[in-house]
Amino acid sequence: MTLFHFFNCAILTFGPHAVYYSATPLSEYDTLGTSIKAALVYLGTALVKLVCLATFLKVSENDNFDPYQELLKALIGFIDVAGLYFALTQLTHRNISQNHKFQAVGLGWAFADSVLHRLAPLWVGARGLEFTWDYLLQGLEANANLVLSISLAALGSLMWLRKNKPKTLIPIIYACAGIVATMPSITSYLRRGMGWQLPKVVGFELFTSLVMAFISWQLFTACQRPSA
């Protein structure tokens with residue numbers, strides 16, 4: 001039963017990444033190399049963030065919400081945006097379109113995040129004798145993160161790669177990118193500042209990810225239309 005629960009949680013956590021790759025044109029255009037490069041950039045970015053967090057943040061004696069500490073975390077979190085910029089603009093990619101590039105980068109980014117933050121807790125906790133919903137919710141959280149990562153990559157491609165986008169959409173693109181980039185701080189506030197339980201936070205993340213995906217898709221479609 002313990003291994004069965006572990007495999008269920010692992011499939012829920014990592015399966016959507018494989019399904020997304022195989023069910024979209026990404027597999028037809030062989031963009032796996034791009035996703036792997038993006039995952040490696042994510043790991044490097046996570047190392048830089050870890051060093052910054054250890055340097056600038058103090059160890060809290062309690063789990064109360066500290067606005068100053070959370071603000072520092074949010075600012076350090078924008079290192080992810082710098083890493084995503086590098087993955088989209090500086091890495092050498094195969095001859096693939098911008099549409100496939102941001103999807104491959106976002107997919108690799110989200111997969112690396114799930115492996116780094118969720119594989120070890122799954123392996124240690126989901127094989128326990130006592131059943132818990134926490135790891136199933138963690139899998140749903142990974143799915144929300146997958147959608148948010150691809151949405152942020154789409155917004156990043158509009159900011160940094162598309163030159164002829166409508167000027168009226170530029171503030172909206174940057175605002176949406178800022179919201180997605182600060183989602184970890186927002187969920188931290190909901191958990192520690194407002195006392196939300198994990199199911200409610202995960203529900204919020206799933207809803208927000210769908211909303212941001214829809215907005216990103218609309219913005220990407222609008223920027224692809226030929227200007228009048």
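Contact here means heavy atoms within 4.5 Å. Take the contacts in the chain between residues at least 6 apart in sequence: 80% of them join residues at least 24 apart.

Ground rules next. This is a predicted model, so local features need pLDDT of at least 70 and side-chain atom pairs count only at pLDDT 80 or more, while totals for chains, interfaces and linings use all residues. Residues are numbered from 1 along each chain as its sequence is written, and side-chain values use heavy atoms, with hydrogens and water left out.

Now the fold. The chain has nine helices and zero strands. Those are DSSP runs, numbered from the N terminus: helices are H or I, at least four residues; strands are E, at least two.

Overall dimensions. The C-alpha atoms fill a box of roughly 60 × 40 × 30 Å along the principal axes. What about burial? Buried means under 20% relative accessible area, exposed over 50%, partly exposed in between, with a 1.4 Å probe and protein chains only. Of the 228 residues, 46% are buried.

Where does Lys-49 sit? In helix α2, residues 32-56. Is Lys-49 buried or exposed? Buried, because its relative accessible area is 19%. Leave aside neighbours within four places in sequence, and Lys-49 is in contact with Ile-76, Gly-77, Ile-79 and Asp-80. Lys-73 is 24 residues from Lys-49 along the chain, and their C-alpha atoms are separated by 9.2 Å.
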